[in-house]
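Student: I'm new to this one. Could you walk me through it, one question at a time?

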Amino acid sequence: MIEWILGKIKSITGEYFWIYRLKGNQNRYRKLEVNSFERKLRVLLHEYYCRKINSYIRIDTDISNVFFYHGARNVFIRKNVIFKGKCIIFQNVTIGDKAVGGPVNDDGIPISDPGKFTVIGEDVLIGANSVIVGDISIGAGAKIAAGATVAKDIPAGATVVCKSTVLLS
């Protein structure tokens, strides 16, 4: 299914252009030395590209195998997110660590545990307006319906609707 959808996209225009630039910038960022001027420039470019598509995707998160179906509008990917393979993400999706109500630093930014990760398996479809939070893993081939909230581990091939407690398969 993912290959079919990717095959339908023939040209990179509009928001897809900025996503293409975002992915290329991330690949070059990873190859640079830590305190180099070019790496700092890549961070600024990354922030610019994110603003162009009205999203927040961390520069150290590998999104090279992620397909944003509606141009990554309002997609927020926080730190400690790992994509294991190809994945389709619709608009208005939030993926990341559980920071609501947790400790914050002096600037009011939530502090997350560096040892906890949100792992998204291969061939996962994430519907619009979905929220995935916490130290969880989503199995290969899982489907998360539009508007679902996921806070528990999801087995491979499962379909999640509404809340993470409702598994259809």
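Predicted model: local features only at pLDDT ≥ 70, side-chain atom pairs only at ≥ 80, totals over all residues.

Student: Is Ser 55 buried or exposed?

Tutor: The cut-offs are under 20% relative accessible area for buried and over 50% for exposed, with partly exposed in between (1.4 Å probe, protein chains only). Leaving aside neighbours within four places in sequence, Ser 55 is in contact (heavy atoms within 4.5 Å) with residues including Cys 50, Ala 72 and Phe 76. Its relative accessibility is 8%, so Ser 55 counts as buried.

Student: What backbone oxygen does the side chain of His 46 reach?

Tutor: His 46 sits in helix α3 and counts as buried because its relative accessibility is 4%. Not counting residues up to four places away in sequence, it touches Leu 22, Asn 25, Gln 26, Ile 57, Arg 58 and Ile 59. At 2.4 Å, its side chain reaches the backbone oxygen of Ile 57.

Student: Which residue stands opposite Ile 57 in β3?

Tutor: Strand β1 (56-57) is at one edge of its sheet, and 2 bridges join it to β3 (residues 76-77), running parallel. Two strands pair if DSSP finds at least two bridges between them. Opposite Ile 57 stands Ile 77.

Student: What is the strand order of the sheet that holds β1?

Tutor: It's an open sheet of 5 strands with parallel pairing. β1 and β12 (149-150) each have a single partner strand, so one side of each is left without a neighbour in the sheet. The order reads β1-β3-β6-β9-β12.

Student: And what is the order in the sheet that holds β2?

Tutor: This one is also an open sheet of 5 strands with parallel pairing. Its edges are β2 (66-68) and β13 (159-160), each with a single partner strand, so one side of each lacks a neighbour in the sheet. β2 pairs with β5 (residues 87-89) over 3 bridges. The order is β2-β5-β8-β11-β13.

Student: How many disulfides are there?

Tutor: Cys 87, which stands opposite Val 66, counts as buried because its relative accessibility is 1%. Cys 50 is buried too, given its 4%. A disulfide is a pair of cysteine sulfur atoms within 2.5 Å, and a search of the whole structure finds 0.

Student: How many residues does the largest nonpolar core have?

Tutor: A nonpolar core is a set of buried Ala, Val, Leu, Ile, Met, Phe, Trp, Tyr and Cys residues joined through side-chain atoms within 4.5 Å. Phe 68, Phe 83 and Ile 132 are among those with the most contacts inside the largest one. α3 (37-52), β2, β4 (81-83), β5 and β8 (124-126) each supply at least two of its residues.

Student: What is phi of Asn 92 near?

Tutor: Asn 92 lies in the loop between β5 and β6 (94-96), and it counts as partly exposed because its relative accessibility is 29%. Most residues other than glycine have a negative phi. For Asn 92 phi is positive, near 55°.

Student: Where does Asn 129 lie?

Tutor: Asn 129 also has a positive phi, near 60°. With a relative accessible area of 46%, it is partly exposed. Its place is the loop between β8 and β9 (131-133).

Methods: Residues numbered from 1 in each chain as written. Heavy atoms only, no water. Helix = DSSP H or I, 4+ residues; strand = E, 2+ residues; numbered from the N terminus. Polar contact = N/O pair within 3.5 Å; in protein donor to acceptor, adjacent residues only side chain to side chain.
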